[in-house]
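Student: Hi! Could you walk me through this one while I have it open?
Tutor: Happy to, let's take a look together.

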Amino acid sequence: MRNICIVTGARPNFIKTAPIVKALGRAKAEGHGVAFCQVYAGTEKDATLEPSLFDDLGISRPDFFLGVDCENVNELTGRVMSEFDDYLNAHPTDVVIVVDDLASTMAVAIVTKKRGIKLAHLVAGTRSFDITMPKEINRLVIDGLSDLLFTAGQSSNTNATREGADLHKIYMVGNILMDTLRLSHDKLRMPPVLLRLRLTDCPYVVFTLNRRALIADKALLEQMVRVLADCGLPVVAPLRSEAAKAVGSFLSQEARKHFHLVAPLSYLEFGWLTAHACGIVTDSGNVAEEATFNGVPCITLNSYTEHIETVKLGTNVLVGEDAGRLREELQRMKDGAWKHGSLPERWDGRTAERIVQILIDSVERV
C-alpha cells in the first residue's frame, strides 16, 4: 500500500483537489493499492471553510489540520514546516501533492524533499515573471523541488523546461479546475439573493476582489469602484469582510441602489451567479478560467495573468490597474461586442484521471 498525502493551504485549493480525491477513491476501490489523506495547513475553525463547501464539492473535510493561523508569511512558513514535519513523523507517506503557490505550499514542499519523499506539484509552471512577488518565489522553489510537475497547458510546460526541469518530470495533464466545473455544472443553484435583488431576469455584472495590494491601495481601488458603479448595469459583489469594507467605503447611497455588496456565496451558488452573468470583473485567475469555460466576458484587474490561455483563447481581457481601460471594456461588454472564446487543450474534465494514473504508475515502479 502506497500512501499519498494531499496538502491544501487555502479554500480555493479544495476546488482543485476535489477531483483528485474522488479519483483516488475510485482507484483504491479498484484495488490499486493506494491510500490517501487530506491535510489542511490552517485550523479547523477557519471561517472560509464553511460546511457547504465540502458538501458542494462532494468530498469530506480534511483528515488532519496543521493548525497554523498567522498573517506574517515568514512566520507561517516556519510554523507549517515544523507542523508538517511532525505530521510526517506520525504518518508514513510515499507521495505528497501540493497545490498552487502559497507560502504554506512552499513550506510543505521543502519539508517533503528534506525527508526524501516524492513531491508532486499541481498547477506547476505558472509564472508572472515578476520576482518581486512573493508567490513567484514560491512557484520557483516548489517547481525546482518537485519530482512530478502537473501542468495545465503548453505555456506552463515551456516555463518549466526553460528553467531546467527534466522533461521526464513534466506532465501536461490539463486544467484541474475544469474537472470540478464539469462535475458541478448540473448542481449549480441560483443564489436566493438574486430573487431579493430582483435580478433573476436582468443582465448584471459580477465583481470579485481578493488581491491584498489592490484592497490596500485606496486611491486606485476608489477609481475602479467608481467606474464599476457608473457602468449602467447592476453589479453584484459577493465580497469577504476586508474587501467588502474597502469597497463599501466608496459607495454613496445612490450607488448602493445598483452596486450590491452581498455576503460570500457557497461554491455552487457562486458558480451559478458567474455562469449567468453578462460579464465579470475580477482579480482572480480562477474566476477568469471559469469565465472562459462558461463563455462569459471577463475583465481582469491586473497587467498579467498566470493563466494566459484565458486571454489568448478565452474570454478574458487584462486592463491592468487602469480605470480608463476598465471603462472602455465595460462599454464593450454592454454593447455585446466581446470577443468569442474557445476552450484550451485538455480542458476536458479528465485531468484528475490522468494525474491519478501517473501517481499509480510512479508508486508501483518503486
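**Salt bridges, sheet and cores**

Tutor: Let's start with Lys113: its relative accessibility is 27%, so Lys113 counts as partly exposed. Keep in mind that this is a predicted model.

Student: Okay, and which side chain does Lys113 meet in a salt bridge?
Tutor: That of Asp147, at 2.8 Å from N to O. Asp147 is partly exposed too, because its relative accessible area is 21%, and the cut-off for buried is under 20%.

Student: Where do Lys113 and Asp147 sit in the chain?
Tutor: In distant parts, 34 residues apart: Lys113 belongs to helix H4 (residues 103-114), while Asp147 is in the loop between helix H5 (134-145) and S6.

Student: How many salt bridges does the structure hold?
Tutor: There are 20. One of them brings together the side chains of Glu71 and Arg212, 3.5 Å from N to O. That pair spans 141 residues, from the loop between S3 and H3 to helix H9 (residues 212-216).

Student: Which residues are joined with Glu136 and Arg139 in one network?
Tutor: Asp101 and Glu306, through salt bridges that share partners.

Student: Switching to the sheet, what is the strand order?
Tutor: S3-S2-S1-S4-S5-S6-S7, an open sheet of 7 strands with parallel pairing. Strand S3 (64-65) and strand S7 (170-172) are at the edges with a single partner strand each, so one side of each has no neighbour in the sheet.

Student: And which helix packs on S1, S2, S3 and strand S4 (95-99)?
Tutor: Helix H3 (residues 73-90), with its direction at about 160 degrees to that of S1. Helix H6 (residues 154-162) lies across strand S5 (118-124), strand S6 (148-151) and S7, and runs at about 170 degrees to S7.

Student: Last topic: in the largest nonpolar core, which residues touch the most other members?
Tutor: Ile20, Leu122 and Phe150, out of 41 residues in that core. Its largest share, 8 residues, comes from helix H1 (residues 11-29).

Student: What does Leu122 contact, leaving aside its neighbours within four places in sequence?
Tutor: Its contacts include Ile20, Phe150, Ile176 and Ile355, as well as Lys16 and Asp100.

Key
Residues are numbered from 1 along each chain as its sequence is written. This is a predicted model: local features need pLDDT of at least 70, side-chain atom pairs count only at pLDDT 80 or more; totals for chains, interfaces and linings use all residues. Side-chain values use heavy atoms; hydrogens and water are left out. A nonpolar core is a set of buried Ala, Val, Leu, Ile, Met, Phe, Trp, Tyr and Cys residues joined through side-chain atoms within 4.5 Å. Buried means under 20% relative accessible area, exposed over 50%, partly exposed in between (1.4 Å probe, protein chains only). Helices (H or I, at least four residues) and strands (E, at least two) are DSSP runs, numbered from the N terminus. Contact means heavy atoms within 4.5 Å. Two strands pair if DSSP finds at least two bridges between them. Axes are lines fitted to C-alpha atoms, for helices over the stretch in contact, and angles run from 0 to 180 degrees between N-to-C directions. A salt bridge is a side-chain nitrogen of Lys or Arg within 4 Å of a carboxyl oxygen of Asp or Glu.
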